[in-house]
Amino acid sequence: MALSEAAKRVAAEFEFTAEQVNAAAKEFVREMEEGLKKDGTHLSQIPTYVTAVPNGTEKGLYMAVDLGGTNFRVCSIELRGDTTFSLTQSKVAIPRDLMVAKTSTELFSFLAKQIESFLQTHHTEHYEGHVRRRKTHSSEQGYKDEEIFNLGFTFSFPVHQIGINKGTLIRWTKGFDIQDAIGRDVCALLQEEIDKLHLPVRVAALVNDTVGTLMARSYTSPGKTGTLLGAIFGTGTNGAYVEKLDNVIKLRASKETGDYDESTGEMIINTEWGSFDNGLETQPNTPYDEALDKESVNPGIQMFEKRVSGMFLGEILRRAILALINDPKVPLFSDETSAQNDIHSTTNILDTSPLHKQWGVDTSFLSICAADNSKGLRVTRQALDKDYGVAAASEEDAQAVREIANAIGKRAARLAAVAVGAVVLKSGKLDVKSTEDKAGVEPSGGRGEGPEHEEGAAGDVKEEDTIDIGVDGSLVEFYPNFEEYMREALREIEGIGKEGEKRIRIGIAKDGSGVGAALIALVAGKVG
Ligand code: ADP
């Protein structure tokens, strides 16, 4: 079989038709609604207790800390009230022995000490006040309100959130294991250690990174209309959006509900959409997806994440390429020189190339393929040589790999459109329109330029008709056609169409765990 024909056949397996996109979007809306009613559904739809998004006029000095894995980040953020901010930060690696400490005190007192030294270095005015008080044995209650830093705590482990600054740890992940912390309120654990040091810091908010993305975008977005959705397409994928409070039925029914400001009539919901699994019949599925899932640590779940996020796309590509390599009828990498590499050999199959190792292909390779405009696909061939041990890949080889890589990237972006489109549809925002569009104005910031080139939406849409979406993550930031493919699929969704898609503005929201956390601390400060 000709190589190009074989590659086309594999690429076609990743097709996700307009009809399937529509069916999936309908199912997504249904699951969103179901998740708002009760626990234990496919989409967790977690109430975050954050009931307002910023409009860019927020002001003040806030702190944010981020405990997410290998590092602990401490920062202070000055919100200038004009959609801009300045950020000061420090980062320290978490000592491995603290990740598996006997008691949670050991870890949390370490974190509190980092906050203390941050204040000492960057905020002497606060720190000196603190030393004075400590000398006179004053407690932190002795601080005046305006002296206290409100802090947003981004904690990227599974928690059961029961208030804006209250959430109990469900389990540790990513190599942490401190038994006595399980079931305890992580904000209280941090506050206790902060108080022992008499620091003028109040843990005001427990922050999810996706909510941070939404808040950060809403503060910095042009037009001050408020952002509807914050979405992450990085290692994983997730989205948080603004929902009508009345629709959050399970929160109303819950007995353990903490305080929140009801006056806005809204609450941000963390969808946890990586677990959108249902309707596999409507989702595109290939043998490579199935094999990937089977050999993953969590088979049968997180199906959406496994088709959309950076952690998995390279691995899907690897499996698809391997299927061609292993097919004796397909002449992939069959040039004499690349054959010398023993890529087809089964004797030293594990040693020859990362193509033979689980997770051997990084998703950034998809971006390399998609961006390659070089003569004879030189750049892709070089990457195959340098990173994947395929010497002397031919142009046809590179073309075949690129075709499959593009199909995987395109499918991911079209699936992303399902999630984004469903949130837009569910919001009802497309049903409301101010007046006629401005006539005769050429669209600016045309489609397909990628979100880093502000802004994705057409310029002939009035600001009040714009639906703003903040995105973050390497995939959406660096994969060349991600936004364009996503927009193409959005136009195909019934109820969105060309008109609706034009109204959607997509922009990068940087630094959700810094400025986003600060903004949540600000909102929380108003409640508490
Ligand atoms: P995180 O989501 O962990 O905060 P990132 O947003 O940087 O971090 O996402 C990392 C993921 O993005 C990894 O899975 C990586 O393979 C993928 N990635 C990194 N660079 C690129 C790129 N240029 N194009 C596409 N994906 C990329």
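**Entry 1: the neighbours.** I began with the ligand and listed what surrounds it: G234, T235, G310, M311, D362, T363, S364, S367, G473, S474, L475 and F478. A reminder to myself: this is a predicted model.

Entry 2: I then turned to T235, where a side-chain N or O atom is 2.6 Å from an oxygen atom of the ligand. For D362, I noted 3.1 Å between a polar side-chain atom and an oxygen atom of the ligand.

**Entry 3: how covered is it?** I looked up the area next: the ligand alone exposes 570 Å², and the protein buries 64% of that.

Entry 4: I saw that the ligand takes up the space of the second largest pocket. Helix 11 (310-325), helix 14 (364-371) and helix 17 (474-478) are the elements giving two or more residues to its shell. Helix 17 gives the most, with 3 residues.

**Entry 5: the domains.** Why do I say the ligand lies between domain 1 and domain 2? Because domain 1 (3-15 + 279-412) and domain 2 (27-48 + 221-276 + 418-512) both give residues to the shell around it.

Key. Residues numbered from 1 in each chain as written. Predicted model: local features only at pLDDT ≥ 70, side-chain atom pairs only at ≥ 80, totals over all residues. Heavy atoms only, no water. Near = heavy atom within 4 Å. Polar contact = N/O pair within 3.5 Å; in protein donor to acceptor, adjacent residues only side chain to side chain. Areas by Shrake-Rupley, 256 points an atom, 1.4 Å probe, with all protein chains shown as cover. 1 Å grid on protein atoms, 1.4 Å probe; cavity = no way out; pocket = protein on both sides within 12 Å on 5 of 7 lines; lining within 4 Å. Sits in = over half its atoms within 2 Å of the grid points. Helix = DSSP H or I, 4+ residues; strand = E, 2+ residues; numbered from the N terminus. Domains from an automatic or database assignment.
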